[in-house]
Amino acid sequence: MFYLLISFLSFILLSKSFSYKRLLPWEAKMSLLTALVVSWFHKSRLALSFFQVLKVSDPPLKSILCSTKLGNLEEKRGTSLLDLPELVIESILDRLSPSELCKMANVCTYLRDVCEDDYFWEKHMKQKWGKLMGNSACREWHLHIALKRRSDLSSSSQKKGLFRSYFGNWSFLLIRPKSERKGKIRSSLPIDSMKAWYQSLESGKLWFPAQVYNRDSGHAGFMLSCYDAQISYDPQTDMFRARYPPHGRRAIEENILWNRLRAPPVDIPPHVLHVSECLADLKPGDHVEIQWRKSKEFSYGWWYGVVGHLGSCDGSANNCHCCCNDMVMLEFSQYGIGSRWRKTMINRKSHKEVGNESDGYYGGLRKLYKEEEITRWKCLWPNRVLE
């Protein structure tokens with residue numbers, strides 16, 4: 001009622017303003033005051049009504065708006081790989097190749113951390129590099145990590161010294177301690193991770209110890225032998241290069257195939273005599289490897305041979321007593337019958353390095369028990385008999 005009264009009064013007063021008669025001062029002031037009251041009243045009621053509506057319908061409106069927005073986002077975004085359970089994601093990543101894992105790691109920080117996990121890269125290491133990674137190669141990798149850390153530490157110390165020389169006591173503001181940087185996103189691969197090891201091998205940057213069959217590209221003087229070397233992978237040719245110890249025919253050999261390499265079966269330096277533990281069990285027909293070097297200045301190589309019958313034995317299984325004799329006959333059938341390299345004798349009870357500067361020196365001996373090792377030597381057998 002009050003609203004109608006004020007509206008009617010305002011209408012009467014305003015209607016007079018349309019006439020050509022000039023309003024009295026009190027009438028003009030009254031008209032302006034009435035208009036302001038009406039305007040304020042309208043705004044108050046409108047605000048109150050809108051507030052009441054929002055208060056009553058606030059939860060439904062929010063849910064409707066949120067559901068609408070989420071629905072639109074889902075339609076635009078679709079199903080993401082990250083929406084899958086972790087077990088499913090790991091199962092997918094487990095089927096990727098190393099190059100595909102590297103590409104997947106560039107998608108986001110979450111996938112980067114998952115794709116760089118040692119679980120995935122350990123499998124690829126075993127598949128491609130497992131047969132070449134012996135104890136000596138693992139030690140070489142750990143040494144590489146230690147040297148890398150020392151280099152990084154030295155570089156960091158030099159940077160700190162450079163900052164201090166320029167900025168004096170204010171350098172602590174520029175070089176923050178490691179504890180304060182924990183919240184930052186990691187920008188580099190950990191140097192001791194399995195992925196870092198794999199990539200160091202794959203790129204050819206890491207040289208590691210291994211043994212090379214038939215060195216010098218199958219030179220006749222090294223047929224059916226295996227020599228220690230430092231090797232490095234060439235990703236362009238899928239072959240290797242080798243650096244041999246300083247004494248020998250060649251210091252470096254290129255284009256070495258995978259089937260000519262192996263991890264050292266005995267974890268000793270190449271110039272150290274191997275302590276044989278199988279001499280008492282040797283009998284004719286056993287397959288063996290024996291150390292041999294041209295002179296005492298050279299490193300040992302491993303040579304393939306077979307235990308033969310002694311000269312006093314007729315070779316028959318019923319009358320053979322070779323296993324009871326202190327002397328053991330070793331035969332290298334890749335050489336001709338008249339060759340000086342064809343046979344040699346060792347003492348099974350007091351075996352040590354034997355030989356001379358003319359025929360070379362024979363060292364320790366190991367018996368081959370695995371058929372895989374024996375088959376590998378036979379696959380390297382020369383096409384012709386050596387002199």
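**Aromatic rings**

I looked up W303 first, and at 7% relative accessibility W303 counts as buried, where buried means under 20% relative accessible area, exposed over 50% and partly exposed in between, with a 1.4 Å probe and protein chains only. I note that this is a predicted model, in which local features need pLDDT of at least 70 and side-chain atom pairs count only at pLDDT 80 or more, while totals for chains, interfaces and linings use all residues. Residues are numbered from 1 along each chain as its sequence is written, and side-chain values use heavy atoms, with hydrogens and water left out.

I then searched the whole structure for aromatic pairs and found 18; rings of Phe, Tyr and Trp (its six-membered ring) pair if their centres lie within 6.5 Å, and planes under 30 degrees apart count as stacked, over 60 as edge-to-face and the rest as tilted. One of these pairs is formed by Y227 and W303, edge-to-face, with 6.4 Å from centre to centre and 85° between the planes. This pair links distant parts of the chain, since Y227 is in strand β2 (residues 225-234) and W303 in strand β7 (residues 301-308), 76 residues apart; helices (H or I, at least four residues) and strands (E, at least two) are DSSP runs, numbered from the N terminus. Y227 also counts as buried, at 9% relative accessibility.

Next I looked at Y304 and W377, whose ring centres lie 5.5 Å apart with the planes at 15°, so the pair is stacked. Here too the pair links distant parts of the chain, with Y304 in strand β7 and W377 in helix α10 (residues 371-379), 73 residues apart. Y304 counts as buried at 3% relative accessibility, and W377 counts as buried at 0%.

I also noted a cluster in which ring pairs link W129, F208, Y233, F240 and W258.

**A charge over rings**

Over which rings does the charged end of R215 sit? I found the charged end of R215 over the ring of F222, 4.8 Å from its centre, and over the ring of Y244, 3.9 Å from its centre. A charge sits over a ring if NZ of Lys or CZ of Arg is within 6 Å of the ring centre and within 35 degrees of the ring normal.

**Cavities and a pocket**

Rolling a probe the size of a water molecule over the atoms shows where empty space is left. On a 1 Å grid over the protein atoms alone, a cavity is a set of points where a 1.4 Å probe fits but cannot get out, and a pocket is an open set with protein on both sides within 12 Å along at least five of seven lines; lining residues have an atom within 4 Å of a point.

My search of the whole structure found two cavities of 30 Å³ or more, a volume being the space filled by probe spheres set on the points, with grid points joined across faces, edges and corners. About 50 Å³ of space lies in the largest cavity, and its lining includes Q211, D228, Y300 and W302.

The second largest cavity has a volume of about 30 Å³, and β8 (327-331) and β7 each supply at least two residues of its lining, with β8 giving the most, three residues.

Last, I looked up the second largest pocket, with a volume of about 600 Å³. Of the 30 residues that line this pocket, G221, F222, W292, K294 and W303 lie nearest its centre.
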